[in-house]
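Thanks, everyone. I will go through one model today, starting with some individual residues and ending at the ligand. Please have the structure open on your screens.

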Amino acid sequence: MNQPRPTLTTLVREHLSRFIEQHSGVFLGPEKGYLLEHRLVPIINQYKLAGFEGLREGLIDRQDPELREKVLEAIVTHETAFFRDKHPYETLRHTILTRLAQRWQATRETLGHRPTPIRIWCAACSTGQEPWSVAMAIHEWIPLSGVSGLGLGDFAILATDLSSKVLDHARQGIYTEADLARGMTPGQISRFLNRQPGAKPTFQMKAELRSMVEFRKANLREGFKSLGLFDLILCRNVLIYFADPLKRQICEGFFQSLLPGGFLMLGAAESLFGISELFQTDRQGETLVYCRPAN
Ligand SMILES: C[S@@+](CC[C@H](N)C(=O)[O-])C[C@H]1O[C@@H](n2cnc3c(N)ncnc32)[C@H](O)[C@@H]1O
């Protein structure tokens with residue numbers, strides 16, 4: 001027999017929305033009640049909870065960590081693709097990597113030895129397509145860089161996300177043909193991934209790329225000073241879900257986490273307009289790049 005569909009009262013919706021915003025930053029206004037219903041009813045059924053009130057009680061009164069993870073998992077959007085939007089990766093290859101490598105070269109000359117790696121942070125990496133795309137772009141660009149001695153080991157990519165589930169997927173670096181069809185060329189697939197046997201073929205990122213990327217759980221809402229300083233931060237297609245005060249707080253944190261002369265890249269539909277005036281902006285074709293001014 002079909003179970004009766006749980007009903008979501010205004011009060012419980014407000015409690016759940018506040019809980020979700022406190023734990024992920026994702027802001028759900030009253031018009032998003034349908035999204036809560038659509039995404040949370042399967043969890044209510046799976047855990048045999050007494051409707052939305054039972055869910056509220058589990059999250060807020062009992063502070064059940066497993067339930068919290070499940071709910072946040074269900075609410076946040078993990079949509080991603082390899083080389084998403086294409087043009088930011090053109091800017092990465094043609095402008096940003098070139099400038100970072102020139103700085104790396106100048107530092108090497110000053111120090112008289114190899115500097116520490118160029119640090120790149122993908123701040124909401126979902127299932128990994130973005131950090132792997134950055135690693136592949138670097139791989140393709142190095143021979144064209146004109147910087148002698150610069151190698152893959154001179155780049156370190158940190159990729160973080162709120163969700164353990166997507167991070168596990170990202171860390172494995174295993175993708176289906178359908179995943180790869182979204183953004184990868186056949187040449188890139190054979191160059192950067194190993195085909196794994198099986199009825200439904202899957203492909204894994206090769207070891208040389210895997211050694212460039214470290215995956216770690218981090219919630220942007222909770223501060224990120226401990227991650228250290230970066231030459232480039234990509235925070236694409238996540239701030240869009242946050243309310244302005246949190247966007248402001250996170251962007252100010254990014255400014256502090258960038259080395260002078262470092263870059264910030266947001267999603268194609270995102271901007272810091274009305275959010276932060278700390279950065280210099282640099283329009284490269286369709287891509288807007290934010291820079292922390294050099295000292
Ligand atoms: C739409 S995906 C974007 C993935 C990738 N950056 C891209 O542009 O293709 C958004 C990701 O942000 C993560 N996310 C949401 N809130 C977060 C938070 N407070 N801290 C860290 N990651 C968060 C989600 O788990 C999700 O994987």
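Where does G128 lie? It is in the loop between β1 (118-122) and α6 (129-141). Helices here are DSSP runs of H or I with at least four residues, strands are runs of E with at least two, and both are numbered from the N terminus.

Before going on, the provenance. This is a predicted model, with residues numbered from 1 along each chain as its sequence is written. Local features need pLDDT of at least 70, side-chain atom pairs count only at pLDDT 80 or more, totals for chains, interfaces and linings use all residues, and side-chain values use heavy atoms, with hydrogens and water left out.

Back to G128. Is G128 buried or exposed? Its relative accessible area is 0%, so G128 is buried. The cut-offs are under 20% for buried, over 50% for exposed, and partly exposed in between, with a 1.4 Å probe and protein chains only. Leaving aside neighbours within four places in sequence, G128 is in contact (heavy atoms within 4.5 Å) with A170, Y175 and F215. L167 is 39 residues away from G128 in sequence, but the C-alpha to C-alpha distance is 7.4 Å.

The loop between β1 and α6 also holds S126. Phi of S126 is near 50°, a positive value in a residue other than glycine. S126 is buried because its relative accessible area is 6%.

Another positive phi is found at D85, near 70°, and D85 is likewise not a glycine. D85 lies in the loop between α4 (65-75) and α5 (87-111). With a relative accessible area of 33%, D85 is partly exposed.

Next, S145, in the loop between α6 and β2 (155-161). Its relative accessibility is 17%, so S145 counts as buried.

N219 is in the loop between β6 (213-217) and β7 (230-235). N219 is buried, because its relative accessible area is 12%. Its side chain reaches the backbone oxygen of H23 at 2.7 Å and the backbone nitrogen of R221 at 3.0 Å. Not counting residues up to four places away in sequence, N219 touches H23, S24 and L162.

Finally, the ligand. How many residues surround the ligand? There are 19, and the closest are S24, T80, A124, D161 and N237; the criterion is a heavy atom within 4 Å. An oxygen atom of the ligand is 2.8 Å from an N or O atom in the side chain of R84. On the backbone side, a polar atom of L220 is 2.9 Å from a nitrogen atom of the ligand, and a backbone N or O atom of R236 lies 2.9 Å from a ligand nitrogen. Taken alone the ligand exposes 610 Å², and the protein buries 99% of that; areas are Shrake-Rupley with a 1.4 Å probe, and for residues only the protein chains shown count as cover.

That is what I have. Comments are welcome.

Definitions and conventions:
Polar contact = N/O pair within 3.5 Å; in protein donor to acceptor, adjacent residues only side chain to side chain.
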